[in-house]
Amino acid sequence: MKGQERVFSGVQPSGAQVHIGNYAGALKHFVTLAKHYETIFCIVDLHALTSVDESKELNKYIESLAAAYLAIGLDPKKTIIFRQSDVPEVCELAWYLACEFPLGLLERAHKVKDSRTKNVSINSGVMFYPILMAADILLYRAHKVPVGADQKQHLEMARDVAERFNFRRGDIFPVPEPLIDENSAVITGLDGRKMSKSYDNYIGLFEDSKSVRKKVMRIVTDSKGVEDIKDPDSCNIFQLYKHFSSTDEQQELRQRYLAGGMGYGVAKEEVFKVIEREINPLRQVYNDLIKRPNDLRDVLADGAKRARVIAQATIADVRDAVGVGAKL
Ligand code: TRP
């Protein structure tokens, strides 16, 4: 264990399935981190409310994400796995933090700026999002936060809030460090853009193998013929292959690209094989778990209980520091 350092991260339950980009970019690393740190992984349903408005769907997404956390190998006895809304103190802390944080900085967030240039209206939750995220991290006094590169700005805001709060109100929070794995930060989708639900260019983590194969066959390539020498580094197939293979295997496939004589169809079969090798055992566990929603709920309830103990201790210190809630 690296001292008593605590790692916290959250994933939004904003779609029916996490995809292999979420897996390779974040979830897979959670399992490694759980071996070395005290870990808390959250299902951030309150954040998802900025974009999901079907309550029944949201519940399904939450169960699916809980099953995914377990299927990838997180042990709920060691790692706290819980649903954000089960610890409502996070909303209270978000308010105290909001009162320390300049509005101008929230207006600079990529998402907010985008909405202005594109002239689309957003709800206030979208602007408030980084504050709630900072509250997640600070409520649990996390030291390290593994996130994808797209979350860098949010992490900087969380650090900024922590510093402002500590400066004005006393040393309450550790200033959280991002853990960003640059190699796996951006996973390319079938069309070469970042893999994302909104681009519909993703492979669901627990899709059945037939549909995984179909999607792999859809990966966009250039139009080089079988005999041509090909460039692995600009090839979407190879980019995906890297996340599911050993360095030796990557060297070997790289040679085949450079030698010519291998068509993209063959490379696609190779990437399908390595994805299946890794995901198939997890898929079986997932399919079994998803049939037992009561067990999933038990795991989340137990996680929430343990998370809440930490949260209540922090919130007591914060109330004291800002001067609310004292006996008069
Ligand atoms: N914003 C994160 C994302 O979309 C999710 C998130 C919410 C999170 N709260 C967090 C990540 C706290 C890390 C820590 O990916």
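Mentor: Let me begin with a term: a polar contact is a pair of N or O atoms within 3.5 Å, and within protein one must be able to donate a hydrogen and the other to accept it, while residues adjacent in sequence count only if both atoms are side-chain atoms. This is a predicted model, in which local features need pLDDT of at least 70 and side-chain atom pairs count only at pLDDT 80 or more, whereas totals for chains, interfaces and linings use all residues. Residues are numbered from 1 along each chain as its sequence is written, and side-chain values use heavy atoms, with hydrogens and water left out.

Trainee: OK, how far is the polar side-chain atom of tyrosine 129 from a nitrogen atom of the ligand?

Mentor: The distance is 2.7 Å for tyrosine 129. A side-chain N or O atom of aspartate 136 also lies 2.7 Å from a ligand nitrogen, and for glutamine 151 the value is 2.8 Å. The protein buries 89% of the 370 Å² that the ligand exposes when taken alone (Shrake-Rupley method, 1.4 Å probe).

Trainee: How many residues surround the ligand?

Mentor: There are 13, counting a residue if one of its heavy atoms lies within 4 Å of the ligand, and His47 and Met133 are among the closest.

Trainee: And which helix gives the largest share of that shell?

Mentor: That is α7, with four residues, where helices are DSSP runs of H or I with at least four residues and strands are runs of E with at least two, numbered from the N terminus. Both β1 (6-11) and α7 (124-139) supply at least two residues of the shell.

Trainee: Changing topic, where is asparagine 119?

Mentor: Asparagine 119 is in the loop between α6 (110-117) and α7, and its phi is near 55°, a positive value in a residue other than glycine. Most residues other than glycine have a negative phi.

Trainee: Is asparagine 119 buried or exposed?

Mentor: Asparagine 119 counts as exposed because its relative accessibility is 70%, and the cut-offs are under 20% for buried, over 50% for exposed and in between for partly exposed (1.4 Å probe, protein chains only).

Trainee: What about aspartate 200, what is its phi?

Mentor: Aspartate 200 has a positive phi of about 50° although it is not a glycine. Aspartate 200 lies in the loop between β5 (177-179) and α9 (209-217), and it is exposed, with a relative accessible area of 51%.
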